[in-house]
Amino acid sequence: MSHRPNINLGRADRLMTWNPTMNIYKVNRFNLLTDMPSFKYSRTNNENRFDIIESLLDRNLIHVVENIFDRIDTESIIYSLVLVCKLWRDFLTFNYLKKWAEKNLQSNSSLKELARKERWSRYLLIDDKDDSDGSEIDEDNQDMYRKICSRIHQLQEIWRYREPKLRRLNCESFVLSCRLMGDKELLTGLNSGILQLWNMDWNAKVKEAVIHDKGIKCLDVSEKYIVSGSYDCTAKLFRRSDWAYLRVITVHTDSIWDLCIHQGKMLITAGLDGTIGIFNINPETEDVSVIKILQDHNDLVSAIDYNGEFLVSGYEDARILIRNFSMSCEDFGIIGRLEGHTGGITGLEINTADNTTFASSSYDGTVRLWSLRSDKNQNYPCLKVLTDPEHFVRCLKFHGNILTSGDFGGFVHCWNVEVGSSNVTIKNHRKFAAHKSHIVCIQFTAQKLVTGSRDKTVLIQDFWGKLLETEQIRRKKE
């Protein structure tokens with residue numbers, strides 16, 4: 001019998017089809033072969049022709065085909081291999097490229113923000129739950145996945161090799177801190193105690209207010225709050241929507257050097273008085289209460305970060321401590337004491353994309369990557385030492401596979417990293433001349449890199465703007 005009827009297993013992508021060549025039924029996991037009525041194998045009459053991809057797909061060996069394409073560079077797949085034949089095009093656009101785009105979004109939360117802005121969520125699974133609006137790409141619009149992947153790939157290439165679109169904001173005083181609020185808004189804290197809100201699309205100052213008597217050394221934001229720390233030894237909590245002043249924290253006796261707010265409910269401050277303050281924010285009453293004040297290292301606390309499980313703190317004597325808040329032990333939850341830097345710690349950043357690694361910067365001119373997974377000796381190993389900066393490193397930002405730092409020479413260093421279980425591979429490194437004086441704060445998303453400096457300016461390096469500008473020029477030429 002040369003042909004037998006299809007057997008529906010209850011789902012559109014689970015259809016048993018008869019394979020006359022192999023004389024068996026097979027479950028077709030490549031839904032394009034059955035979901036699209038117009039799809040047919042474009043077999044040739046040439047007996048000498050042999051297509052290994054077609055042969056593997058015909059045998060339902062989807063994972064083997066995916067492994068083959070995994071070994072080919074993305075640019076070749078997007079721009080060349082999709083043109084080989086209809087089978088290759090349909091498999092790549094509807095199956096492989098879709099998965100490739102979703103994998104990139106899962107590993108980079110700032111790409112997720114871009115995906116929502118561009119409405120890619122109509123076609124891609126962005127979060128762990130499917131937040132698409134139910135739209136499907138039909139055969140007439142099948143280039144959508146290819147276009148999405150092309151934009152992601154181009155954006156990555158601009159980060160790695162090309163010059164971004166530059167914009168500079170001029171401030172009245174030294175810029176000590178900055179914090180991105182989405183893709184359009186930027187907060188800056190000045191040495192004069194002024195907090196400023198900028199619209200980056202307009203390059204315009206939207207709002208400003210004097211909130212401290214001295215310089216605003218650090219800033220953080222949540223969905224509901226803005227929190228600031230100052231040389232005047234206080235931290236202040238404001239409502240994000242209207243900048244309404246809510247609470248002032250006065251437990252420190254010296255400058256607050258760093259702080260972070262976690263999920264809008266917990267605030268942690270670090271001071272040059274050697275203390276770490278841990279506070280609870282009541283979301284209903286907006287009261288702030290002390291959970292704990294830590295002072296157990298007898299040195300200045302210069303940097304902290306917290307991800308809900310681990311609190312990492314850096315000190316002027318170059319040491320780093322790791323605490324686990326889920327533990328209760330005599331030394332207040334200290335589970336790791338890390339050494340390696342030879343100068344004071346200037347920045348710490350847990351990679352919230354995986355919560356298994358964090359980065360540190362130091363006055364010794366290096367950036368280090370550490371594991372948050374202890375080894376068999378209960379040590380937390382240093383995975384990589386980056387020595388590319390030629391000056392003291394003053395600040396850093398680490399998320400996903402992008403690590404950035406700013407140094408005293410006014411340079412930005414950007415590394416594309418691949419973190420393994422026991423090592424780190426540097427896939428790309430770039431150095432930007434950004435400021436005339438040392439860089440004291442740095443932020444980035446998938447679209448923009450923002451730095452603030454003591455030269456009284458903020459530099460916005462717009463990678464997405466460069467991509468759109470390039471596309472516009474190409475369309476005009478066409």
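**Entry 1: Trp-243.** I began with Trp-243, which counts as buried at 12% relative accessibility; buried means under 20% relative accessible area, exposed over 50% and partly exposed in between, with a 1.4 Å probe and protein chains only. I noted that the model is predicted, that local features need pLDDT of at least 70, that side-chain atom pairs count only at pLDDT 80 or more, and that totals for chains, interfaces and linings use all residues. Residues are numbered from 1 along each chain as its sequence is written, and side-chain values use heavy atoms, with hydrogens and water left out.

I located Trp-243 in the loop between strand S11 (235-239) and strand S12 (245-249). Helices (H or I, at least four residues) and strands (E, at least two) are DSSP runs, numbered from the N terminus. Trp-243 is not a glycine, yet its phi is positive, at about 60°. Most residues other than glycine have a negative phi.

**Entry 2: Ala-318.** I looked up a further positive phi and found a value near 80° at Ala-318, a residue other than glycine. Ala-318 sits in the loop between S18 and strand S19 (320-324). Its relative accessible area is 7%, so Ala-318 is buried.

**Entry 3: Tyr-315.** I then turned to strand S18 (residues 310-315), which contains Tyr-315. Tyr-315 has a relative accessible area of 1% and is therefore buried. I listed its contacts, a contact being heavy atoms within 4.5 Å. With residues up to four places away in sequence not counted, Tyr-315 touches, among others, Ile-276, Asp-296, His-297, Leu-321, Arg-323 and Gly-344.

**Entry 4: Val-175.** I recorded Val-175 in strand S5 (residues 175-181). Val-175 has 0% relative accessibility and hence counts as buried. Leaving aside neighbours within four places in sequence, its contacts include Gly-189, Leu-190, Val-440, Cys-441, Lys-456 and Thr-457. Val-175 and Thr-457 are 282 residues apart along the chain, and 6.8 Å separates their C-alpha atoms.

**Entry 5: helices H3 and H5.** I examined the packing of helix H3 (residues 62-70) with helix H5 (residues 86-107): the angle is about 80° and the axes are 12 Å apart. Axes are lines fitted to C-alpha atoms, for helices over the stretch in contact, and angles run from 0 to 180 degrees between N-to-C directions. H3 and H5 are therefore roughly perpendicular to each other; angles under 35 degrees count as roughly parallel, over 145 as roughly antiparallel, 65 to 115 as roughly perpendicular and the rest as oblique.

H3 contributes Ile-62, Val-65, Glu-66, Phe-69 and Asp-70 to the contact, and H5 contributes Trp-88, Phe-91, Leu-92, Asn-95, Tyr-96 and Lys-99. I sorted the residues of this contact into seven nonpolar, one polar and three charged.

**Entry 6: helix H7.** I checked the length of helix H7 (residues 143-160): its 18 residues should span 26 Å at 1.5 Å a residue, and the end C-alpha atoms, 25 Å apart, agree with this. The expected span is 1.5 Å times one less than the number of residues. H7 is mostly covered, with 13 of its 18 residues buried.

**Entry 7: the chain.** Of its 478 residues, 54% count as buried. Among contacts between residues at least 6 apart in sequence, 45% join residues at least 24 apart.

Technical notes
Ala, Val, Leu, Ile, Met, Phe, Trp, Tyr, Cys and Pro count as nonpolar, Asp, Glu, Lys and Arg as charged, and the others, Gly among them, as polar.
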